[in-house]
Amino acid sequence: MSVVETQKAGLEGQLSGRRLPRWSTPALAGGALIVGLIVQLTGWTVVGLAPGVIAAVVFLLGQAIASLAIEGRRHSKDRIATTLIYATFVVALTPLLWILITVLVKGLSVFDWTFFTSTMRNVSPRQPGGGILHAFLGTLEQVGIATLVSVPIGLLAAIYLVEFGKGRLKFWISFFVDVMTGVPSIVAGLFIYTALILTGVLQQSGFAAALALCILMIPVVIRSSEEMLKIVPNDLREAALALGVPKWKVILRIVVPTAISGLITGAMLAVARVAGETAPLLLTTFLAQDINLNAFNGSQTSLPTFIWDQISRGTSSSVNRAWGAALALILFVLIIYAAARILAARFAPKSR
Amino acid sequence: MRLTRILIGSTAACATVLTLAACGGGGSSSSSANADCASGSIKAAGSSAQGNAMTDWINSYQTQCPDATIDYQAVGSGAGVEQFVAKQTSFAGTDSGVKDADLAKANERCSGGPAINIPLVGGAIAVVYNLTDVDGLILTSDVLAKIFASTITKWNDPAIAALNAGKSLPDATIAQFHRSDSSGTTDNFTKYLTATAPSVWTFAPGKDWVAPGGQGAKGSDQVIASVDGTANSIGYVELSYLDGMQNTKAALIDNGGGPVEATSATAATTIAAAAVTGSGNDLLLKIDYTTKASGAYPIVLVTYEVACEKGLSADQNPALVKSFLTFAASDAGQSQLTTSGYVPITGTLLAKVRTAVSSLATS
Amino acid sequence: MSTSTDETAKSAADPAGISGAAIRAGDRSFLGLSRGAGILVLAVMAAIAAFLVWKAIPSLQVDSANFLTEQSWLPDQTPSVFGIAVLAFGTFVTAVIAMLIAVPIGFGIALFIAYYARPKFGKALGFIVDLLAAVPSIIFGLWGLYNFMPAVTSFAEWLTEYLGWIPIFANDKQLWTKSLLMAGLVLAIMVLPTVSAISREVFLQVPRMHIEASLALGATRWEMIKMAVFPFSRPGMISAAMLGLGRALGETIAVALILSAVFEVNTHITEPGGNSFAANIALKWGEAGEVGRSALIASGLVLFLITLAVNMIARWIIARRKEFSGAN
């Protein structure tokens, strides 16, 4: 009995070890803050570092040393890692929130009903007022066409890679899909410009812009669809095939419907990815100040090119409009993202 | 204000989208008697220097002629001419005019044409600076060239002080801004420096800034924003961009005939004196940057519209091109330029411009 | 686990194994359609290269300088003189700065979201980070120019003051704005969402069992990440970094706004100056003449080839790592 109990006690001691008390973290943080304050007030500093940086270093080192003394090397490393990971989070979130707040504050100043219901026709660059209706419709149409072209192609290519593909062709397609994901957006614009506009096949138009967006969208759709088709359980395919259902029917009736929510999410994320692209549109479209729903003929503005145009006009009213349009664009993407996430959460396959 | 804009927006929507009689109505049709209106739509592209002037003209024209839609895209002169030659647009805007090989191509594009340069928008390139306590800074071409060549680097340099007696020039480094993109503005500004201070400004004039030092900013909008936001800075932009700036002022330029302020009127004097080098109705100009005439601001630029005198195909709407350019060359059109910080074409040159515009064939 | 699914998928995908030699007409046409979509990808990639080469040739023929080493860009001059040395240098330096910062921080956020934050909080954070991937780059550019740059100029000055003995941090012009460093920092923020979103997805796919097993063996959280998470997700982390690099190399408008574009290789990265392939295209496109346009297309071709090479290398690393990965 007693032998077992002493053994147990020893084991427990080994398992939990001596730990830093819970109050050590706030205490160290407080200490570091005081050091920071002293630095701030006295103006004394080490190699010109800001007080905040010094405080952070004091905290990191203090905790590491305390932990090393009491908990040992492994836990000390763990504490350093934890602190650094929290720090990266703070460091990263600062600019990200900063930019969102900047857009929000500047954008909201021009948000009113007119801004969404009027165009820039007959609005002077120096006047306030005018709106983004034409640009919003242009974005809807260009991104809509891009989606209509990219999603079927992307889905079919993904079906090929998952359901049919084998050997060299599969390898090369899969390889170049990855490579295509990295094609810079301005190169996509240059390609449409050289291949279709310089050769006279197309004019600068909403459709040319949509095709440039397709170059950016297709690989994203293929990749996400591929992932989604892969997680459809094979039991389903095998069961249907065993019943003598032709393979194309199995794919269309069983595989695709099973993965449909994921496929939609993937497509929507691809839409969000291209909605803010500016560079390819500058090479492939003409700007308009007015609504033009004909994507094949005439000028058509989109939200990113609207922002570009208004900023380069350089008056305070036009720059304000640009920020407003930026906020509208972010909200547009936000809605698409939110819809995609909700779909994904609601219909995601529960297996895995 | 808001209400009119909704109305404008909605009629615009109707005109292009629905073409329904029900929405075409409204009160605007009565005003169409005003100008010689043409209907339909055209596209044009080119110089961004005249972008805001074009927008204002288009707005006025479309208000008078609600059946017309004109798109002018400020893509830059090079791209504008190229798109015109490729028959993508009905006319082009350019800061330098088409000549030589480009003119041959433009003539070909106009099925023999000829294609002509019509100077319609003038501009003054203002030397803008941001010094809190100094108003009416005076600079000569020589000092200006030294500042932009980075051989003068302090505001209280004796050369600047000698020109500005009594002004409290700070003992501060000059933060110099120039265009980082290719532009007609840089082209004209460096041509001015080359013409007036050849011993100091030894760099080749051109659309791209090649001198060392200083900081580049993309577009006149970013140059003026940088100058406005940076104390003790200097830059050059078209006069129209100076509008609404908090801390930025324009310098007076002394070419030898006394300091001249950059205004629409002083720049118009220089432009009106420019020599025509084109033939026939082609009004390509040569500006005299070294002018010493009193009240003539020497750093100017002229932007042209390039159009087909003959040979524009019917689907590109030559009637609307002519009608619109006629409005632009009219007194109403030219006086609009002054209010938006541009420079009107005046004197005998304006008469030549009107002759050129009236020569455009409508079919 | 994923390997075994692949295996079964492959055998199920083999039509010969199901219905013998008789492949039905419907299957054949569907196969043709989907294969066609796949081949379209290859065709588009080939077409991009072909058209860029075709339209780049006229300028390369008249270029009187060495296209790879020339430092100036005056293609519309006679004789035409242009080269990509400055563009390649600037693109490389800004991308390296961006990756040095964005990769560790991006992985840090992803780890935070996956293993440190509470699940609900983590999800909300992931959402915010994703949202930033949608901010148009012109907005990043303006914010970078007017909000971010003034705030971090003191950091650049600090670099020169205390690390100025390292040649790249020296600053002879006494100006610390509009530099390659600034462009690199803004790029880092721009690619952060890409890096962190993808690596987060990868981290979340680490099998629960591996994590629980290592924790049960008494590993600290960091040891668990080092021993269970990293080996499993290394290929995914590399591809996250590479996708980020792709975005950094090709970013156009933000860089065009921030850099004080000049044609001079300047190794002092805190001084105004520098240029990049994509930014140069945006800055010169509008005013370029015929040769100039073609020269810009030639530089676009080089950018395309560079991103191609980067992605190929990434693929190769991932393929190699997979073989040794303990997780599979």
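**Architecture and interfaces of the predicted complex**

Chain A has an average pLDDT of 85, and 93% of its residues score at least 70. Among the elements of chain A, the lowest mean pLDDT, 49, belongs to helix α1 (residues 2-16), whereas helix α6 (residues 133-164) has the highest, 94. The pLDDT is below 50 over residues 1-13 of chain A, a stretch that makes 1 contact in the model beyond near neighbours in sequence. Where pLDDT is low, the predicted coordinates should not be read in detail.

The secondary structure of chain A consists of 14 helices and 0 strands, and its pattern along the sequence is accordingly written α-α-α-α-α-α-α-α-α-α-α-α-α-α. Chain A is more spread out than a compact globule, because its radius of gyration is 29 Å, well over the 20 Å that the globule rule gives for 352 residues. Along the principal axes, the C-alpha atoms of chain A fill a box of roughly 90 × 70 × 35 Å.

Chain C contains 12 helices and 2 strands. From the N terminus on, the order of elements in chain C is α-α-α-β-β-α-α-α-α-α-α-α-α-α. The box filled by the C-alpha atoms of chain C, again taken along the principal axes, is roughly 70 × 55 × 30 Å.

The interface of chain C and chain A is considered next. In this contact, 90 residues come from chain C and 89 residues from chain A. The two chains bury about 8100 Å² between them, and 79% of that area lies on carbon and sulfur atoms. On the side of chain C, the residues C:Phe30, C:Trp143 and C:Arg315 supply 8% of the area buried against chain A, more than any other three residues.

Polar contacts across the interface of chain C and chain A amount to 7 residue pairs, with both residues at pLDDT 80 or more. Helix α3 (residues 25-62) of chain C contributes 21 residues to the side of chain C that touches chain A, the most of any element. By residue class, this side of chain C comprises 62 nonpolar, 15 polar and 13 charged residues.

The interface of chain B and chain C involves 24 residues from chain B and 20 residues from chain C. About 1800 Å² is buried between chain B and chain C, with carbon and sulfur atoms giving 46% of this area. The residues of chain B that lose the most area to chain C are B:Ser180, B:Gln215 and B:Gln222, which together account for 27% of what that side buries.

Across the interface of chain B and chain C, 4 salt bridges are found. One of the salt bridges joins B:Asp208 to C:Lys284, with the closest N and O atoms 3.2 Å apart. On the side of chain B that touches chain C, two or more residues are given by each of α4 (77-85), β7 (215-217) and α9 (219-229) of chain B. The largest share of this side, 4 residues, is supplied by α4(B). The residues of this side of chain B divide into 5 nonpolar, 12 polar and 7 charged.

Over all chains, the whole structure holds 20 salt bridges. Within chain A, A:Glu163 and A:Arg237 form a salt bridge whose closest N and O atoms are 2.7 Å apart. A:Glu163 lies in helix α6 of chain A and A:Arg237 in helix α10 (residues 234-242), so this pair ties together parts of chain A that are 74 residues apart in sequence.

Two features of backbone geometry were noted in loops. In chain C, the peptide bond that joins C:Thr78 and C:Pro79 is cis, with omega about -5°. C:Pro79 is located in the loop between β1 (73-74) and β2 (81-82) of chain C. In chain B, B:Ser150 has a phi near 65°, a positive value in a residue other than glycine. The loop between α6 (141-148) and α7 (158-163) of chain B contains B:Ser150.

How values were computed: Residues numbered from 1 in each chain as written. Chains lettered and ligands numbered in written order. Predicted model: local features only at pLDDT ≥ 70, side-chain atom pairs only at ≥ 80, totals over all residues. Heavy atoms only, no water. Contact = heavy atoms within 4.5 Å. Buried area = accessible area lost by both parts, 1.4 Å probe. Polar contact = N/O pair within 3.5 Å; in protein donor to acceptor, adjacent residues only side chain to side chain. Nonpolar A, V, L, I, M, F, W, Y, C, P; charged D, E, K, R; others polar. pLDDT = per-residue confidence, 0-100. Rg over C-alpha atoms; globule rule 2.2 N^0.38 Å. Salt bridge = Lys/Arg side-chain N within 4 Å of Asp/Glu carboxyl O.
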